[in-house]
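Here is a friendly note to read alongside the model. Keep the 3D view open and look up each residue as you go.

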Amino acid sequence: MQGFLSAERQGAVLRSLSSDEGTLSRDYLGAAREVLRELVAMPDLIQRLPLARTPGAYCRNLLAGNVKVSVWAIVWGEGSATSIHDHHCSCCFGVVSGTVTETWYRAIDASRAVPTEEQQRQPGYVACMLPSGPNIHRMRNFGPGEAISIHIYGFDHEVHASSIETEYTAVGG
């Protein structure tokens, strides 16, 4: 797993996320929240990891993964943003440092969406969602400086390139 977390910590994280009922169960989501709470409570550890960075963009760093889940540290360069998207799997995230602005959207057709709500996510914030949606959102770092978040997705990182199901174009707002 790229050496960002020790093999022992990777194993502990993946064991904590193990659920006989899969990544769509309440037990799994509860476990993912607990793992995120633990990780975001250790900003010094996360910030000391040799995480890849891309100025002005976001950069995903695989921390741990197996055939059921993948755990990523995302470093958000100032001014970076995701597309407007939803997910094909469960998606949980927590903010380690900086501020990530999350904007929620409502689809008006298969490719367009309108913004409905925007929230600034501060260090310590943790959330989980299922792909049953609608869970259309965009995440951005307006700055100042970079932000770091941890994301736990219910997918095998060797099978899927990302957790994104559909990308949308914003209409209005």
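1. Let us start with one residue and its neighbours. Leaving aside residues up to four places away in sequence, Gln 47 touches Arg 53, Ser 97 and Ile 148, where contact means heavy atoms within 4.5 Å. Gln 47 and Ser 97 are 50 residues apart along the chain, and their C-alpha atoms are separated by 8.4 Å.

2. A word on the source: this is a predicted model, in which local features need pLDDT of at least 70 and side-chain atom pairs count only at pLDDT 80 or more, while totals for chains, interfaces and linings use all residues. Residues are numbered from 1 along each chain as its sequence is written, and side-chain values use heavy atoms, with hydrogens and water left out.

3. Where does Gln 47 sit? Its place is in helix α3 (residues 43-48); helices (H or I, at least four residues) and strands (E, at least two) are DSSP runs, numbered from the N terminus. Gln 47 has a relative accessibility of 38% and counts as partly exposed. That label lies between buried (under 20% relative accessible area) and exposed (over 50%), using a 1.4 Å probe and protein chains only.

4. Next, look at helix α2 (residues 26-40). Its 15 residues reach 21 Å from the first C-alpha to the last, close to the 21 Å expected at 1.5 Å a residue; the expected span is 1.5 Å times one less than the number of residues. Among the buried residues of α2 are Tyr 28, Ala 32, Val 35 and Leu 39. The buried residues pack against α1 (7-16), α3, β4 (91-97), β7 (126-129) and β9 (147-153).

5. Now the aromatic rings. Rings of Phe, Tyr and Trp (its six-membered ring) pair if their centres lie within 6.5 Å; planes under 30 degrees apart count as stacked, over 60 as edge-to-face and the rest as tilted. By this rule there are three aromatic pairs. In one of them, the centres of Tyr 58 and Trp 76 are 5.1 Å apart and the planes are at 35°, so the pair is tilted. This pair links distant parts of the chain, with Tyr 58 in strand β1 (residues 58-65) and Trp 76 in strand β2 (residues 70-76). Tyr 58 is partly exposed at 30%, whereas Trp 76 is buried at 1%.
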